Amino acid sequence: MSELETAPVSRRNMELLLLLLALAVSMGAYYLVGINSDQGLSQEFITQGLFLAVLSLVFHVILRIWAKYADPVILPVTVALNGIGLAMIHRIDLAKISRDSDQSSRQILWTGVAMVIAMVVLWAIRDHRILRRFTYTALAASIVLLLLPMIPGLGVPINGARIWVRIGDSLSFQPGELAKITLAIFFAGYLSSNRELILLAGKRIGPLQLPRLRDLGPMVVAWLVSIGVLVIQRDLGSSILFFGLFMVMIYVATARVSWIVIGMLMLVGGGVFAYLTMGHVTRRINGWLNAFDPDIYYAQGGSRQIVEGLFGMGDGGLLGTGLGNGSPYLVPLANSDMIIAALGEEIGLIGVSAIVMLYLILVSRGMRAALGSRDAFGKLLATGLSFTVGLQCFVIIGGVTRLIPLTGLATPFMAAGGSSLLSNWIIVALLLLISHNARRPMQASLSATAEVATEAPRRPKNLKEAKK
Amino acid sequence: MNQAIRNTWIAVVMLFVLCLGALSYVQFFAAETLNNNALNKRQLFREFDLPRGAILVDGKPIAESKPSEGQFKFQRVYTDPELYAFLTGFYSLTNGSTQLESVMNDELTGQSQDQFFDRMINLFSGRANEGASVELTIDGKLQKLVYDLIPDNTRGSIIVSEPKTGNILAMASKPSFDTNLLAVHSSKQATENMKKIIDENPKLSPSRNPALYNLMSPGSTFKILDLVAGLESGKYNADTMLENPDKITDPVKMSNFVDGICASKPEASLAFIVAQSCNTPFALMSKELGREPFENVAERFGFGQQLNIPLRVQPSVFPQNMTPAELAQVSIGGFDALATAMQMNMVAMGIANDGVIMEPNLVKRVIAPDLKVLSEATPKKFSTATSKEIADQITDLMRGPVKTGTAKRAAVPGLDIAAKTGTATFTGISEVNSWITGFAPANDPQVAVTIVFERIDYPTGSSLTSPNMKKILEAVFNQ
């Protein structure tokens, strides 16, 4: 781990510089939308821009106080993504195609809420290792969050998926978005405690060291949870996300490729089962394979959305039509599920590639924090959380470009929707904390908490060798 | 553990590389294919916000784009929509665009080759491309006249053309519809209107021009082609006496029109047979000549050929490899021989123009917004259908029906008219297809006229063909 030790320099000034750049990009996008539409620059440009700028700078100050050594790139990248997303949502509002043409105000409000909660998380937790104490609380919370939409009266099915909870008349929320954080905490806690146990070797087939059958328990549970989400809530995207999260975390905990192989087999099995037995999955797959068949294009719940998205992106081409000059509103759900297609149309392949690179930087910085983290829990948690962001990007971008079947996952930080914004900002807060703890000077860490690094369960260390 | 994290990172990078690859494929490599996909309406959306050229008849717009406050910046407006429905077609996001709105789209939107330099100048000066106007060969007055000659509740088409140039002066069909109803912006409204139009008239298909698209049994008008084959063989001339039995059984069971004048003469001259449109002599002629000359003649006159005037004309059908019995039926315009009104008009044009068919054409010129003429139609030869001598002889034979025979009611005093009538019957149905195709003046043809009514009772049909031809010719020659 020694090569990962960085000099304890705070680098907050670098963050401030990058943050100003990110704000300039966001405001620039907003400005272009304004001048390219007939409305011209609106009052919203000033208010929403100022709002975002003030919040980001406050966040920056909070980091200076409570997470001085946090990674300086994570916050600016997140602000840039969030800002560009806001500009795009505002742009689609201007087209006045949907009944609800004030999504951007709601989005900026949710951004505010999400950032404030993320700051509260920073302040309240301070040291991510505290979360380890809540391993099983997190499991219970996950189960509650996943079951909430199933409660009659509270849960509402939208577009066929039962993943929403409605509070009052206007506020709807997707508790599953938060469940990915609580599940990551649970997996990290469970795996860091029981790592040695799971590492016990089972049978060996060729180069694969299989785990013991009884240790497969958690894997099976995770698989069942994913299938449950798919069957009961009809949410293919979250199902893939939860299972992917678990697979990566167990792989990082054990470094055994056999887990990945077993997981993949289970995933394929589950996928085939879902394709054969579940109408909405069959439709998705058919819409993916035969998207351009006019019958499927015009069918209810057919491939119109993805095909229109592809037309939009094709129309944008290499350079894009320019913000405000295309017609991304022709794509259903252009401001949420299909925001990548909308961006592809208006800022072109070059612009959307830049956004993909921003995501890659974000995920990479998260994984960098994992590498530098001094405890197994932190490593697992940071890897898991970063990976969920990356996997979401892959599932949604792959879906929009017809690389894989389209599933309704939110594009992190960009898609309109409060739940996703909130959970992703909390993820950012946690990644910032972990990176802070990874990079701060050793002494500080010693004084912060009594327990230093994660201790392995008290079991004979040579048990593994003994088995061999 | 760190190695596993690094491996995970590599896996994530690979996922992102896949994303970038997929994005590059969609936005760069497949962009062209996607833009040209039939389901893609984006180009259309852009077009709807641009000023579109007008379609002109006699210098006045019958289709034009007017500024609109609706969903798009312009609304397409049609003047006398029913009259021109099948020529202009309609320009609709929901229902697609049809006819001239479709085939002349490049000119109307300013995207044609001729407008390239204007486009380049606009690119640098920042002005929007303006579409060019398309002026038709149609004569507005004549169009109105022929349209009104078709009674409502019938299915009829009338074409008037100039044999020497191929220019079409009038082309109208009924039942027609209001193109404005289909050009509305609201897709809900446009869909409802389309449904209403089709429900009100199940025989109407709004996106097809009946004069160019409907394939019908040509009946006895097909005998003009028999005459070409017969005279070209050298075995027949106007005075050749031919057997004219009431009934024959070889090559096929056939009879002359019951109680007709044909029945009075068991043997008659070719001139008499053409004037009275007797059937059996043509069946015997087909047996005598065999199928090859017929196939040959049909091809020269345009059967089986794709034509764009610039509206697409459905190829007429002359069946291949027929048995003698089938050929005998085709010789009187039956069996599987099918022709469009345009095809039978081309037959008349060919005979009128010394055997040379000029390519039918609807567009006189394309005019840029600055009134510069971008392109002007020049008469083009379609085919040499037969020689001048044969054409002259057939012209003479076609004077017969108007003077003394089946087309007497088309006669205009003092006007030399050549025409051939036709009545296609169907087994089991009392309704017929009524035809007339011809030209005038026979010695110096100025117009070729074709009238057809589909599935109409015989007396009504025959009262709507020859007498209407008379009215059209009277109007054209001011008599």
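## A tour of the predicted model

In chain A, α6(A) is largely enclosed by the rest of the structure, because 20 of its 25 residues are buried. Please keep in mind that everything described here belongs to a predicted model. Helix α6 covers residues 175-199 of chain A and bends by about 55 degrees at A:Ser193.

Of its 468 residues, 50% are buried.

The largest nonpolar core has 140 residues, and the members that touch the most others are A:Phe187, A:Met249, A:Leu380, A:Leu381, A:Leu431 and A:Leu432. Helix α13 (residues 339-372) of chain A makes the greatest contribution to this core, giving 17 residues.

**Where the chains meet**

The contact between the chains takes 42 residues from chain A and 29 from chain B. On the chain B side, the elements giving two or more residues are α1 (2-29), α2 (31-35) and α3 (42-48) of chain B. Which of them gives the most? That is α1(B), with 19 residues. By type, the chain B side divides into 20 nonpolar, 8 polar and 1 charged.

**Two sheets in chain B**

One open sheet in chain B is built from 6 strands in the order β3-β2-β1-β6-β16-β17, with mixed pairing. Its edges are β3 (74-78) and β17 (373-376) of chain B; each has a single partner strand, so one side of each is left without a neighbour in the sheet. Neighbouring strands of this sheet are turned against each other by 25 degrees on average, direction ignored. Inside the sheet, strand β1 (residues 55-57) of chain B runs parallel to strand β6 (residues 133-136) of chain B, and 2 bridges join them. There, B:Leu56 has B:Glu135 in β6(B) as its bridge partner.

Another open sheet has 5 strands in the order β8-β7-β21-β20-β19 of chain B, and its pairing is antiparallel. Its edge strands, β8 (168-174) and β19 (418-426) of chain B, each pair on one side only. From one strand to the next, the twist averages 5 degrees. Strand β7 (residues 155-161) of chain B is joined to β21(B) by 7 bridges, the two running antiparallel. In this pair, B:Ser157 stands opposite B:Val452 in β21(B).

Helices accompany this sheet too. Helix α19 (residues 458-476) of chain B packs on the sheet, touching β7, β19, β20 and β21 of chain B, and its direction makes about 20 degrees with that of β20(B). Helix α18 (residues 388-403) of chain B lies across β19 and β20 of chain B, at about 70 degrees to β19(B).

**Backbone details worth a look**

Most residues other than glycine have a negative phi, and most peptide bonds are trans.

| Cis peptide bond | Omega |
|---|---|
| B:Asp250 and B:Pro251 | about 5 degrees |
| B:Ala440 and B:Pro441 | about -20 degrees |

B:Pro251 sits in the loop between β10 (247-248) and β11 (254-255) of chain B. B:Pro441 is in the loop between β20 (429-440) and β21 (447-456) of chain B.

Although A:Arg126 is not a glycine, its phi is positive, about 65 degrees. A:Arg126 lies in the loop between α4 (103-125) and α5 (135-147) of chain A. Is A:Arg126 buried, exposed or partly exposed? It is partly exposed, because 16 other C-beta atoms lie within 10 Å. The C-alpha atoms of A:Arg126 and A:Leu430 are separated by 9.3 Å, though these residues are 304 apart along the chain.

B:Asn321, likewise not a glycine, has a positive phi of about 50 degrees. B:Asn321 is located in the loop between β14 (312-313) and α16 (324-330) of chain B. With 8 other C-beta atoms within 10 Å, B:Asn321 is exposed.

How values were computed: Residues numbered from 1 in each chain as written. Chains lettered and ligands numbered in written order. Predicted model: local features only at pLDDT ≥ 70, side-chain atom pairs only at ≥ 80, totals over all residues. Helix = DSSP H or I, 4+ residues; strand = E, 2+ residues; numbered from the N terminus. Buried ≥ 20, exposed ≤ 12 C-beta atoms within 10 Å, placed from the backbone. Bend = angle between axes of the 7 residues up to and from the residue. Pairing = 2+ DSSP bridges. Axes fitted to C-alpha atoms, helices over the stretch in contact; angles between N-to-C directions. Contact = placed C-beta atoms within 7 Å. Nonpolar A, V, L, I, M, F, W, Y, C, P; charged D, E, K, R; others polar. Core = buried A, V, L, I, M, F, W, Y, C linked by C-beta atoms within 7 Å.
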